[in-house]
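Open the model in your viewer and have the selection tool ready. Each stop below tells you what to pick and what is there.

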Amino acid sequence: MATAAATALLLLAGPATAVTAAAPDDNHEVHAEHLERFADEDASVVEVTVADRTELDELVATGVDLDHHVSQTESGIVVHAVVTPTEIQGLKAQGYQVGKVLFDSEDSEDRVAEREATIAEHKAENQAFTASLARSAAVSDVKITRADYYTSGTNQVLSVEAKWAQGQTSTSALTVTRDSGPGTAMGSGGTQNITRFVDAGVYLYHRGAATVTARPDKIRITSPTGDVAEVQVKEWLPISGDAPEGPGYQKDFVSSYLTPTELYDRIKRLADQYPQLAEIVELPYKTNGYRRKAQVVLGSANANRVAVDSLAWGHEGGNDISVELVNPGAADQALSVSLTDKAIRVSLATDGNGTPTSTAAQVAAAINASAGSLVKAYTYRGSVGDGVVAPVARTALTDNLKAPASVSRDPHPVYAIRIGKFRDGSKTGVLAYAQEHAREWVPPLVTIETAERLLRNAATDENTKQLLRTLDIWIAPSINPDGGHYSFYDFNSQRRNMTNHCAEGGSTDALARNSWGVDNNRNYTEFSLFDGFSGASTSCTSDTFAGPSELSEPENKNLDWLAQRANIKFSMNLHSSGNYFMWSPGAYATPGRISAPRPTLAEESFFWGASSRILTAIKRHRNLAVTPARTGPISDVLYSAAGNSGDMLWYKYGIYAWNFEVGTSFQPTWDEAHQQTLEYSNGLVELMRVARDYDKDKKRPTSTLVTKPSATEGMVDVTFETSEPAAVFYTLDGSKPTYESTLYAAAGLREGAETLTVPYGTKIFWFSVDAAGNIEKNYRPDTDAKNWNRGFALISDS
Ligand SMILES: [Zn+2]
C-alpha cells in the first residue's frame, strides 16, 4: 500500500519498541541478495535482528526498506524493516532473524482511517475557519424571522417579521425588497416597509404586511447600516385537498344572535334530543344575578346631588319605591321626611323668605333617619354635599333593567353541555367556552354551531362518530350570562359581569351603573394583577377591572372548576374581535416586560402546528386568513392581559389553551356574524380533531443531530431536528440524559430552534418526547436504560 511508508514513518515519533528477538542462529549464512517486492502485497513493519554492523550493512545491501529505528540490544542490533510477506520469506531464506510484527496491514488500515479522520478534522477546522471568515463578513444586523405569503379574501398578502439589532434605539422602518417568483430578479416584485413593534417600551421586532400582485419566492432586507438578510418566502395556511367533512355533512344551524337564556335553552334541547351522547352540567357556582338595586340620583351638580338606593333588589320591591323633594311653600320650615307605603316625601327646610336651604348632606341624613329600612341615601361620590338641593317631582327608584320577565333576575346557573359517547373522564377532554366578555355575541354562536355539528352528524358521519368515541367535550356557551343579558337588553357595550365592587363614596350611584363589573378574563389565578402583572386594573369602573381578589367571581370559579377535570388537555377561549389566534404567555410584568414563562420549543411547535390546522379549517369557509402577525402568544402579538383564563388553564392545569378573537367587531350585522359562526366553528371542530390525533398518537418521535461549522474557530454549531413537535433533553458532558437535563429551546421570541455552539468533538447525548408523552426509542430516563441517542459535534465532509 502506498501509505505503508508514510505510516511506518509515523512510528518514528513513538517510543522505542522493546526488543525480544531470539538470539541469532549460530550457523546462519548471510547472502546479500536483492529482495523482491510485489506491488500487490501489503507491507508490515517487522523487527530484524542482526549480529553486528557488518551484518547490518549486508541487510541494507539487500535493498530492504529499513526505517530509522536501530537499537543495540544484548541479542544484537535490532532494526525495523518495512517488508512484504515475500520479502520476509527472502530475509528468512538468507538467514536473517525476523522477529515480531510491529505493524501490519490491518494496523495500516486503521491508521488510514485515523489519518482520514485527522485530515477531515483539519479540513473541518479549515472549513470552520473559512466559514467564520465568510460569516463574520456575512453576519447581518438584521434577521428575517418570518416571511409569509397568503391569500385572504381576494387579496394576496406578504407578511414579514424581522429583528434588527438597532431596533430598540432607532425608529427606522425596514424596507423589504421582493422578487416576483422563482428565478426572477430581486426587486421585480416591488418593496414594502415594515415598522417596529414596541410594547411596554421594549422593541420586539419589525412587522408589516402588504398586498402583492405575485407570490414572491425570496425577499431581502437591507438594514440602514447596509447589512443584508435574505430568505425564502413560505406559504401561510395553504389550502390543499378536500375539506375533512364528508359528503352529507350537516352544518349551519344558527339563524340569529342568541341571548344567554336562549343559549342555555338551546343546549338543553340538544342534550334532550341526544341523551346517549350529551348531557347538561350545571356548574357549581351561580352568578350574582341579572339584578340591581333600584336607584335614583337627584340634583344636578356634585355638591347638591343626593343618591338614593333601595335596600331590596329592584324586582323584589326596590322598584316600587319613589322619592320627591318638596318646597313646603312657607318660611322657616324644618327639613322633614314622611313615608307613605313606599313613597318617600322630603319637605325641604326654608329660610325667612321661604327659600329652600337644605343641603344634599342634610337631605341624605334625613332620608336615612326616616326611611332607612327601605333605602340608603348618600351624597354624590364622596362630596361633602354642601350644595342646596332644589325640589324634585316624585321620581321612582329603578333597577333600570329592561330585559323581559322571561330573563331570570335570580342568581343564574351557568351551564355546559358535555358531549361524547364516554363521559366518565376516561377520554381526552376538550373544553370550549365563550362570553367571558358579555358584548361578544358571535363567540357563543360558534360554540352552539359546533355542538350541533357534533351531535347532528354523529349518526351519519364517520369522522364525527370517531370524535365522539374518542373525546369528552365540554362546551360552555356563556360563562357570563348576567353580563350577556345586560349587553342584549341594557347596555350593548357591557364587557364585564354585573357585580358592583365600587366602595361607598365612589361610583356606586345609578349614574355609574354601566361602569360596574369585573373583567372575568382578568380575575384568574396565574400571572394576575395581584401577582404584579400588567394589563388589568384595580379600578372598579375600569373595563379591565381585575376584581377584589383572584377568583372572587362565581364566573371565574366555574371555569376553574371546569379546568380541574383531569382529563381536559385542550381548550378554546372564544372571544371577539380582531381575528387573532393566541396562546400563552398572555401576561408580562413591567417595567422590563418580564414575561410569564414561555412554552418550551416543543410546546411552541405543537401550538403552531395545531394552530395552522385550525386556521386552515377556518380559511376553508371563505378564504379568511387569520394572519401570521396575529397568531402566537398573546403578549407577543397583542398586549399583556394579567390574570386571563388561557394562562390559568396552561400554567395551572397544563391544558393546551388557545384563544380565538373572532371577526372584526363585537356585534356585526347578522350576515357577517353568520359567516363568522360558520368559519370559526370549522376551526373549533378542527381542534377536536387535533385532540383526537393527540389521543391516538402512539407514534414515537425520532430526532437527529445536525452539525455545521461555527463562526467561532474550533466550535461546531449543533441543532436537533425532530420528526414531530417534540421536546429534546440533552447533555454535553457525557452524562445520561434525563428530564432534568437541559431542554432544547427556541432561539428567541417568534423564532425557531436555537443553535448550540459547542467545542469540536463534544459528546452529545439526548432523547426526545412528543406532546402525547411518547418517548423516542421507548427510552426510560428513570430506569437503567441506556438507549438514548449519542453523537459528536463533528463536521461531515460535505
Ligand atoms: Zn373578549
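The tour goes through helices and then salt bridges in this predicted model.

**Stop 1: a helix pair.** Select α7 (residues 442-456) and α8 (residues 462-470). Their axes come within 8 Å and cross at roughly 105 degrees. α7 and α8 are therefore roughly perpendicular to each other. Now show side chains. Arg453, Leu454 and Leu455 of α7 meet Thr464, Leu467 and Leu468 of α8. By class, that contact has four nonpolar, one polar and one charged residues.

**Stop 2: helix α14.** Select residues 670-696. This helix has 27 residues and spans 39 Å from its first C-alpha to its last, close to the 39 Å expected. Of its 27 residues, 20 are buried, so α14 is largely enclosed by the rest of the structure.

**Stop 3: salt bridges.** The structure holds 33 of them. Begin with glutamate 751 and lysine 163, 2.7 Å from N to O. Glutamate 751 sits in the loop between β33 and β34, and lysine 163 lies in strand β6, 588 residues apart. Glutamate 751 is buried at 16% relative accessible area, and lysine 163 is buried at 17%.

Next, pick aspartate 199 and arginine 593, a salt bridge of 2.9 Å. Aspartate 199 is in strand β8, arginine 593 in the loop between β26 and β27. Both are buried.

Move to arginine 345 and glutamate 324, where the closest N and O atoms are 3.7 Å apart. Strand β18 carries arginine 345, and strand β16 carries glutamate 324. Arginine 345 is partly exposed at 37%, whereas glutamate 324 is buried at 16%.

Last, select Glu245, Arg613, Glu686, Arg689, Arg692 and Asp693: salt bridges with shared partners join them into one network.

Notes. Residues are numbered from 1 along each chain as its sequence is written. This is a predicted model: local features need pLDDT of at least 70, side-chain atom pairs count only at pLDDT 80 or more; totals for chains, interfaces and linings use all residues. Side-chain values use heavy atoms; hydrogens and water are left out. Axes are lines fitted to C-alpha atoms, for helices over the stretch in contact, and angles run from 0 to 180 degrees between N-to-C directions. Helices (H or I, at least four residues) and strands (E, at least two) are DSSP runs, numbered from the N terminus. Angles under 35 degrees count as roughly parallel, over 145 as roughly antiparallel, 65 to 115 as roughly perpendicular and the rest as oblique. Contact means heavy atoms within 4.5 Å. Ala, Val, Leu, Ile, Met, Phe, Trp, Tyr, Cys and Pro count as nonpolar, Asp, Glu, Lys and Arg as charged, and the others, Gly among them, as polar. The expected span of a helix is 1.5 Å times one less than its number of residues. Buried means under 20% relative accessible area, exposed over 50%, partly exposed in between (1.4 Å probe, protein chains only). A salt bridge is a side-chain nitrogen of Lys or Arg within 4 Å of a carboxyl oxygen of Asp or Glu.
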